[in-house]
Each structure stands twice: as structure tokens, then as C-alpha cells.
Amino acid sequence: MPDVTIVVATRDRAPELRRSLGHHTAPVIVVDNASGDGTAAVAEAAGATVLRLPSNRGAAARNAGAQLADTRYIAFADDDSWWAPGSLERAARILDAHPGTALLAAKVLVGEEERVDPVSERMARSELGRPEGLPGPAVLGFLACSVVMRRDAFLDAGGFSDVLHFGGEEELLALDLAAAGWGLAYAPELAVHHHPSGTGRDPAARRRRQARNRVLTAWLRRPLPAVARTAASALASREGRAGLADAARALPALARARRPVPPAVEAARTRLAGY
């Protein structure tokens, strides 16, 4: 068994968990964001350790799972995804061999047809290249359902933000890990199966949250010209404008949380996004 614990944060997704949990080959901690259905019972029946939260913390629920884990490494999965056999063992060996790397992003295979996710394709041709000491192309972002990372590095960086909740929450953590001097790499030899369910999902609401979180992440970690460019880009769509308004309402409470990343990290971020 690899020195890895899988952490799944979920809410009201019992059918998805019923399908996915049987595929996992490492210990699983399911963090239940105050579900109102049988999510917790399904997870317990599948043999997972279940942590029930009294309220919905969104992506930050993963932090509680990571704190409960007692392995050196943690892997995240969604309630509709699972790690391919052998990938976690391979990830532990890679991290053992690369002590300066905190995070490995796996290749994501979508649906029954196992189509490679476009995010994985972009990571494979990362503009950041492959710096010495990294086991793969350097990245400055990831899909939360497809990463293995050092538990201590994750907790030291503060984990996922309670403010961002869900929707593009990964960028802030990636920036914080890079600012702390850690390497983040794409490792295509690792694979995750993702079978997204449309049940209970509102695409327009998700785009609005993502726009909000892009603006808030820029405010928290990037120089002011980048904040302005990010805000301007949100004006191109209805959901973006709504997300920008949501971000503006949240900004006063975040004034003291602003901590721009080092110039080298900002240069890498600009190189990846072009703004």
C-alpha cells in the first residue's frame, strides 16, 4: 500500500460516491459537507473514513481530511473520479525521488471513452518547460481531482481557501506553494478516471463563481495591474460581470489578506496566462 491517503470532499452526491469509492485502492477519507442525503452512509458502507462537517465549507473541506490523514502524501479525488491502478504507488516513488517537488498533477481521462482532459493537454506542453529537479513539465495550476502532494507542504501553505469555496480554487494554492519555493509538476504517467455527472450542476452559476474566484485570487496574490486586467477580462460575459460584482462585495474583508507572490512566480503566472 502506498504512503498515500485519498481525500474526497463531497455534498449530496451519494449515487456518484456509490460508483467511485469501489475503485480506490488506498485508504479514503470522505469529508461530508453537511449533506442532506445518504452520502455519509454510502461512504461508510464502502469502508471509507467519514468526517461529517456541520456546515458546507466547499473545497476547504479537503483541509480537514488532510489534517486527519496520517500519511506523508495525500491524493485528492472528486466524488465522480478515481485513481488508475498503480498511479499512487508510482506517485509516491516520484515524490520520494524529488524532494523539492510538492505536487504532481496526473493525466485526467474523461468518461467511458477516456478522452484526455484539455487541461492535461495544456500541462503537457507547459510554457514553463521542465526545470532541473522536477520530474515533469512545470505547472502553476491543477485540477483538484487529480493531484498527489506532500501533506506537510499542503498544510503549511494553508490548504484551500474558505473564501473561494468551490470553482477555480486551485490557483491560489498553486501560487502559495510556488511562493514557498516548491516545485509543481505534470506527471502524465499518473492517471485519474473522471466520469462527471451533470446531476445538480448549474453551468452558469459555476462560471460566475469561477469569475469571482479569478478576481479574488488576483487581488490576494498578484500585482495591481494584473488585478485590473483580470477584472477587465470578466466584463466579456454576463456570468463574468456577475462574478466581478460578487468579488467586489468580498474584497473589503480581504484587504489584510493581500500578499503578492515573489516576482519570479508572478512572471511564470503571466507567461502561462498572457495577462
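1. Ten residues of domain 1 touch eleven residues of domain 2. In this predicted model, the chain splits into domain 1 (4-194) and domain 2 (203-261), and their centres are 24 Å apart over C-alpha atoms.

2. About 1000 Å² is buried between domain 1 and domain 2, with carbon and sulfur atoms giving 61% of that area. On the domain 1 side, Val163, Leu164 and Gly167 lose the most area to domain 2, together 41% of what that side buries.

3. Polar links are worth a look too. Between domain 1 and domain 2 there are two salt bridges and five residue pairs in polar contact. The side of domain 1 that touches domain 2 has six nonpolar, two polar and two charged residues. Elsewhere in your list, do check the salt bridge between the side chains of aspartate 176 and arginine 259, at 4.0 Å from N to O.

4. The structure holds 18 salt bridges. In one of them, aspartate 79 pairs with arginine 13, with the closest N and O atoms 3.1 Å apart. Aspartate 79 sits in the loop between strands E4 and E5 and arginine 13 in the loop between strand E1 and helix H1, so the pair ties together parts 66 residues apart in sequence. Both aspartate 79 and arginine 13 are buried.

5. Glutamate 266 and arginine 222 also form a salt bridge, at 2.8 Å between the closest N and O atoms. Glutamate 266 belongs to helix H11 and arginine 222 to the loop between H8 and helix H9, so this pair joins parts 44 residues apart in sequence. Glutamate 266 is buried at 10% relative accessible area, and arginine 222 is buried at 1%.

Notes
Residues are numbered from 1 along each chain as its sequence is written. This is a predicted model: local features need pLDDT of at least 70, side-chain atom pairs count only at pLDDT 80 or more; totals for chains, interfaces and linings use all residues. Side-chain values use heavy atoms; hydrogens and water are left out. Domain bounds come from an automatic or database domain assignment. Contact means heavy atoms within 4.5 Å. Buried area is the accessible area (1.4 Å probe) that two parts lose on being put together, summed over both. A polar contact is a pair of N or O atoms within 3.5 Å; within protein, one must be able to donate a hydrogen and the other to accept it, and residues adjacent in sequence count only if both atoms are side-chain atoms. Ala, Val, Leu, Ile, Met, Phe, Trp, Tyr, Cys and Pro count as nonpolar, Asp, Glu, Lys and Arg as charged, and the others, Gly among them, as polar. Helices (H or I, at least four residues) and strands (E, at least two) are DSSP runs, numbered from the N terminus. Buried means under 20% relative accessible area, exposed over 50%, partly exposed in between (1.4 Å probe, protein chains only).
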